[in-house]
Amino acid sequence: MEWSFLFFFNSVFLGVGLAMDAFSVSVANGVNENRMRKKRMGMIAGIYALFQFLMPMLGWVCVHTIVQTFQVFEKFIPWIALILLLYIGGSMLWESIRGEEEESEKVILGFGTLLVQGIATSIDALSVGFTIADYGFVMALVCSILIAIVTFFICICGLEIGKKCGARFADKGGILGGVILILIGIEIFVKGVLL
């Protein structure tokens, strides 16, 4: 692959495709935490963007170094995403149903939970390492950076949408957010195993 408009076009649209799970989780987080400040939104979107950058690069490195080991690991990717998102979504759902959060105060997701979400929503991007395997290191790096930038802005949009929905459904925000995360986990699993 050479530097061209097509390279940048493909990288941006690859970013859009990869960011859809992170977008959905961002919506769920915005619903759950509808009074989120801009700084926190930037941090959350930044975490997702970081993992969307790291995973394709890690996949690219694996293809160029330990490809056989990576191919064995690839079949576990949907299972890992399913388990992580079921755990996070189930916890959010359980806490909301049990009524541990007061009506006026939402559970604020901790940094560890956000890291797990970042991994869960970007782990399928490891496979992109195969897609960009014929790129040189610099091109793979630029492609991954473009994916991260696209992810960041898409996640900011998702958080804004979630905040607006969360303000409307404030009393059911945790339940809605938990259900969304569980459904995303199932969707990633079904796509990865059955398709």
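Which residues make the nonpolar surface patch of about 1,100 Å²? Select Val72, Phe73, Phe76, Trp79, Ile83, Leu86, Val179, Leu183, Ile186, Val190, Val193 and Leu194. (Patches take residues with over 30% relative accessible area and no salt bridge, joining nonpolar side chains, meaning Val, Leu, Ile, Met, Phe, Trp or Tyr, within 5 Å and like charges within 9 Å; accessible areas come from the Shrake-Rupley method with a 1.4 Å probe, and for residues only the protein chains shown count as cover.)

Before going on, a word on what you're looking at. This is a predicted model, where local features need pLDDT of at least 70 and side-chain atom pairs count only at pLDDT 80 or more, while totals for chains, interfaces and linings use all residues. Residues are numbered from 1 along each chain as its sequence is written, and side-chain values use heavy atoms, with hydrogens and water left out.

Now colour by pLDDT (the predictor's confidence in each residue, from 0 to 100). The protein's mean is 83, and 88% of its residues reach 70 or more. Confidence is lowest in helix 3, with a mean of 69, and highest in helix 2 (residues 38–65), at 93. Helices here are DSSP runs of H or I, at least four residues, numbered from the N terminus.

Back at the patch, pick out helix 3 (67–74), helix 4 (77–98) and helix 8 (173–194): each supplies at least two of its residues. Helix 8 gives the most, with 6.

Next, go to valine 25 in helix 1 (residues 5–32). Is valine 25 buried or exposed? Buried, at 0% relative accessible area (buried means under 20%, exposed over 50%, partly exposed in between, with a 1.4 Å probe and protein chains only). Show its contacts (heavy atoms within 4.5 Å): leaving aside neighbours within four places in sequence, they include Tyr48, Leu85 and Ile184.

Then select Lys38, Glu160 and Lys164, which are linked in a network of salt bridges. A salt bridge is a side-chain nitrogen of Lys or Arg within 4 Å of a carboxyl oxygen of Asp or Glu. Glutamate 160 meets lysine 38 at 2.6 Å, N to O. Glutamate 160 is in helix 7 (residues 137–168) and lysine 38 in helix 2, so the pair ties together parts 122 residues apart in sequence. Glutamate 160 also meets lysine 164, at 3.9 Å.

Last stop: arginine 40 and glutamate 33, another salt bridge at 2.6 Å, with both residues buried.
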